[in-house]
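Work through the exercises below with the sequence and the structure in view. Each task is followed by a solution in steps.

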Amino acid sequence: MDLDGTLLNSDILYESLRALLARNPLYVFILPLWLLRGKAALKRELAQRVTLPAETLPYNAQVLEVLRTTRSRPRVLCTASDSLLVHPIASHLGLFEQVIASDGQRNLSGKNKAKALIETFGRHGFHYMGNSKVDLAVWEQAAGAWVVNGSEALARRAAQKTRVLAHWPAPPRAKSWLKALRLHQWLKNLLVFVPLLAAHRFLDLQSVMQAVVALIAFSMCASGVYVLNDLLDLTPDRQHPRKQKRPFAAGKLPLLQGLIAAPALTLCGLALSLICNLQFTLVLIAYYIMTLAYSLRLKRIVMIDVVLLAALYTVRIIGGSAAIKAELSFWLLAFSMFIFLSLALLKRYTELHAMLSSGRSKASGRGYSVEDLPLLQSLGAAAGYISAMVLALYIDSPASVGLYRHPKLLWMICPILLYWISRAWVVAHRGNMHDDPIVFAATDRISQIVFVLCGIFMLAAI
């Protein structure tokens with residue numbers, strides 16, 4: 001039985017590569033030197049530096065069932081992955097009588113794997129379960145083939161080499177990619193339209209088109225970051241009751257495709273941003289650097305993570321202002337920083353509340369524990385109420401008088417905002433908040449009514 005793509009819905013080479021780069025990205029400059037010594041040497045260097053928790057890896061349930069029910073002996077795990085990482089997996093499962101793997105000198109793939117199996121069991125003395133065209137060399141020497149996660153074309157080619165005992169095709173990946181790109185999170189990028197609305201330029205076609213380009217650029221860049229973040233967070237995500245279902249954590253998408261898609265999406269977003277202007281491109285680069293710093297390190301530091309999350313929301317507003325070349329409003333920046341700090345704290349509070357319900361005390365990959373719940377609740381509610389106070393001060397300032405003919409109508413938004421903030425925290429306190437407060441705000445019926453009312457009063461005040 002093969003390991004990568006067969007027993008595992010993943011690849012140990014890319015799992016170990018991801019784990020190493022997540023720990024220290026500077027290793028990317030050493031990888032080519034290791035590869036010059038051969039693929040087996042590269043795998044050994046990686047295996048000596050990383051540990052993969054066998055209990056959280058995404059195993060193929062069908063293959064495990066075959067292993068547990070088959071009467072054939074011995075059951076052999078034969079893989080091109082390095083033995084240092086393979087043996088802990090075999091020990092964890094306890095289903096194999098023998099392990100054959102790469103040893104740092106020989107890469108046990110294709111013809112090398114076929115040769116090793118012939119030396120052990122003889123030609124046509126074994127059945128082999130694999131998943132890719134490199135396994136055709138093994139199937140040619142086998143008495144039977146199990147084609148796992150392979151295409152119909154691969155199954156037909158395997159049938160030309162030996163008898164195909166079973167074929168389990170790979171599930172379609174389109175839906176998994178839509179989930180990995182987190183299209184629902186693009187709602188956050190609608191914040192680029194806030195300066196357009198605040199400056200009352202929503203009837204200016206050129207400004208609207210610039211804002212639309214900014215929205216698409218931010219969305220592509222954000223999706224690149226989401227993919228990268230999922231790759232970096234594989235281990236803690238696999239320990240999370242909900243996040244373990246994410247496409248890369250669950251093994252529904254190949255890690256290699258993710259490693260390619262993350263920079264490709266980001267570069268496309270940056271290239272598109274140049275249609276607006278250089279200032280917007282610089283804001284988008286700053287956004288990417290901030291999100292990268294958040295993903296690599298800062299999300300693990302208490303309070304810095306929530307402040308940075310709030311700043312990332314605010315940067316979207318700054319980007320929208322840069323895209324249409326509108327003057328940045330102090331009031332808008334102050335309001336957004338406080339309201340989004342409240343939402344960032346609400347997000348952390350919700351995560352900790354879910355942990356408390358499941359009997360855990362500390363967040364994996366975070367710096368928080370359940371004892372912090374009361375503090376986060378106090379800080380988050382306070383930040384939300386301060387945002388309402390900033391809005392009230394703005395309404396009474398000369399800046400609002402210059403933009404609105406009836407600025408006093410804006411006062412009606414203040415109690416509505418206070419109600420919504422209070423209700424959001426009550427919902428979270430009761431354990432009914434969505435993991436992402438922005439998604440909650442977009443899908444909750446009462447929140448939708450609140451936003452419509454706020455829009456009506458804003459239009460009436462113009």
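**Exercise 1. Describe the second largest pocket by residue class, volume and lining.**

Step 1. The lining of the second largest pocket divides into 17 nonpolar, 16 polar and nine charged residues. Here Ala, Val, Leu, Ile, Met, Phe, Trp, Tyr, Cys and Pro count as nonpolar, Asp, Glu, Lys and Arg as charged, and the others, Gly among them, as polar.

Step 2. The model is predicted: local features need pLDDT of at least 70, side-chain atom pairs count only at pLDDT 80 or more, and totals for chains, interfaces and linings use all residues. Residues are numbered from 1 along each chain as its sequence is written, and side-chain values use heavy atoms, with hydrogens and water left out.

Step 3. The volume of the second largest pocket is about 1,000 Å³. On a 1 Å grid over the protein atoms alone, a pocket is an open set of points with protein on both sides within 12 Å along at least five of seven lines, a cavity is a set where a 1.4 Å probe fits but cannot get out, and lining residues have an atom within 4 Å of a point. Points are joined across faces, edges and corners, and a volume is the space filled by probe spheres set on them.

Step 4. This second largest pocket is lined by 42 residues, and Asp4, Gly5, Ser10, Asp11 and Asn131 are the closest to its centre. Two or more lining residues come from each of α1 (12-23), α3 (39-47), α4 (61-69), β1 (76-82) and α13 (255-273). These elements are DSSP runs numbered from the N terminus: helices (H or I, at least four residues) and strands (E, at least two).

**Exercise 2. Describe the largest pocket in the same way.**

Step 1. The largest pocket holds about 1,600 Å³ of space.

Step 2. Its lining has 46 residues, with Leu191, Val194, Leu197, Phe335 and Met458 nearest the centre.

Step 3. By class, 39 of the lining residues of the largest pocket are nonpolar, five are polar and two are charged.

**Exercise 3. Which elements and residues line the largest cavity?**

Step 1. One cavity of 30 Å³ or more is found in the whole structure, and the largest cavity has about 40 Å³ of space.

Step 2. Its lining consists of Ile12, Leu13, Ser16, Lys43, Leu46, Ser81, Asp82 and Leu85. The elements giving two or more residues are α1, α3 and β1; α1 gives the most, with three.

**Exercise 4. How do α11, α13 and α14 pack?**

Step 1. The axes of α11 (residues 205-232) and α13 come within 8 Å and cross at roughly 155°. Axes are lines fitted to C-alpha atoms, for helices over the stretch in contact, and angles run from 0 to 180 degrees between N-to-C directions. Therefore α11 is roughly antiparallel to α13 (angles over 145 degrees).

Step 2. α13 and α14 (residues 278-296) pack at about 155°, their axes 8 Å apart. α13 is therefore roughly antiparallel to α14.

Step 3. The α11 and α13 crossing is left-handed, whereas α13 passes α14 in a right-handed crossing. A crossing is left-handed if the near helix is turned anticlockwise from the far one by less than a right angle, and right-handed if clockwise.

**Exercise 5. Where is the cis peptide bond?**

Step 1. The bond joins arginine 73 and proline 74, with omega about 0°.

Step 2. Proline 74 is in the loop between α4 and β1.

Conventions. Angles under 35 degrees count as roughly parallel, over 145 as roughly antiparallel, 65 to 115 as roughly perpendicular and the rest as oblique.
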